[in-house]
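Here's a quick briefing to read alongside the model. Keep the viewer open and click through as you go.

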Amino acid sequence: MDISIKILRYQPEKDEKPHWQLFKFAIEDEATILDVLNEIHWVHDGTLSYRRSCRSSICGSCAMKVNGRNVLACETPIHRFGTRLKIEPLSGFSIIKDLVVDLEPFFAKLKRIKPYLIVDKPLPDKEFVQSTAELETIGESTLCILCAACSAACPSSWPNQEYLGPAALLKAYRFIFDSRDDGSDERLEIINDKNGVWRCHTIFNCVEACPKKIKITEYLSRLKVKAVENSL
Ligand code: SF4
Ligand code: FES
């Protein structure tokens, strides 16, 4: 099919500010957004920059905004949007080049909530045993691929770059509610802060943006209850 694509370009060595560039060409009906970007990069303009790696919705590299919605380029067919596409980088992050944004602040927030198992109790002889119910409590939250689509879609994050944001808070949930973990108190102190979980106003943009369909706001609500219980 014939498609028309506008891409927000920004090359810091020569552009004062981002600007739109139009491309028109024919591509297979089943093509994905990533196929479109590859076609541009390999055939029309080799200077276009974008992130991608696994091409399987696993690495989280290729999140970007297409016609106003955050998607993973590698899993999104173009027919979802029709023949006219507007592709731009994720909102709320500074642009390094074209569709590549600076995710350092995103990962710095993740580090703040200590995204690893903290164990104070004696280690078992073999592995920790979890019941099915204990695993189900955190199961969906472990599916996060750290694509940043949720944090980029969050209106509470846009005016306040210090807010931890949905992805870091979801990771906090994942460990605070893990039956094997002993670090809940220190993590709850971090999220029970003016830039923590209380900045979430349950707007649901994060849920809509998440390519893994994780019920982020539900888990953040459980975090709020836990934070209150812990401070009583
Ligand atoms: S919660 Fe979903 S949208 Fe947010 S970083 Fe993880 S996978 Fe991406
Ligand atoms: S390229 Fe890895 S998630 Fe899209």
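This is a predicted model: local features need pLDDT of at least 70, side-chain atom pairs count only at pLDDT 80 or more; totals for chains, interfaces and linings use all residues.

Eight helices and seven strands make up the secondary structure, and the C-alpha atoms fill a box of roughly 60 × 35 × 30 Å along the principal axes.

**Helix H2**

- H2 covers residues 104-112, and Phe106, Lys109 and Leu110 are buried there.
- Those buried residues line one face of the helix, because they fall within an arc of 100 degrees when you look down the axis of H2.

**A buried strand residue**

- Val66 sits in strand E3, which spans residues 63-66.
- Val66 has 0% relative accessibility, so it counts as buried, given that the cut-off for buried is under 20%.

**Salt bridges**

- The count for the model comes to eleven salt bridges.
- One of them pairs Glu186 with Lys114, with 3.6 Å between the closest N and O atoms.
- That pair links distant parts of the chain, 72 residues apart: Glu186 belongs to helix H6 (residues 184-191), while Lys114 is in the loop between H2 and helix H3 (132-139).
- Both ends are partly exposed, Glu186 with a relative accessible area of 35% and Lys114 with 24%.
- Arg180 and Asp178 meet through their side chains at 2.6 Å, N to O, and Asp178 is buried, with a relative accessible area of 2%.
- Arg187 bridges to Asp181, where the closest N and O atoms are 2.8 Å apart; both of these residues are buried.
- Arg9, Asp45 and Asp98 join up in a salt-bridge network.

**Surface patches**

- For positive charge, look at Lys6, Lys24, Arg84 and Lys86, which gather in a patch on the surface.
- Arg84 comes from strand E5 (residues 84-88), and at 63% relative accessibility Arg84 counts as exposed.
- There's a nonpolar patch too: Trp198, Val228 and Leu232 together have about 350 Å² of accessible area.
- Val228 is part of helix H8 (residues 216-231) and is partly exposed, with a relative accessible area of 40%.

How values were computed: Residues are numbered from 1 along each chain as its sequence is written. Chains are lettered from A and ligands numbered from 1 in the order in which they are written. Side-chain values use heavy atoms; hydrogens and water are left out. Patches are made of residues with over 30% relative accessible area and no salt bridge: like charges are joined within 9 Å, nonpolar side chains (Val, Leu, Ile, Met, Phe, Trp, Tyr) within 5 Å. Accessible areas come from the Shrake-Rupley method with a 1.4 Å probe; for residues, only the protein chains shown count as cover. A salt bridge is a side-chain nitrogen of Lys or Arg within 4 Å of a carboxyl oxygen of Asp or Glu. Lys and Arg count as positive and Asp and Glu as negative; His and the chain ends are not counted. The place of a charge is taken as NZ of Lys, CZ of Arg, CG of Asp or CD of Glu. Helices (H or I, at least four residues) and strands (E, at least two) are DSSP runs, numbered from the N terminus. Buried means under 20% relative accessible area, exposed over 50%, partly exposed in between (1.4 Å probe, protein chains only). The arc is that of the directions from the helix axis to the C-beta atoms.
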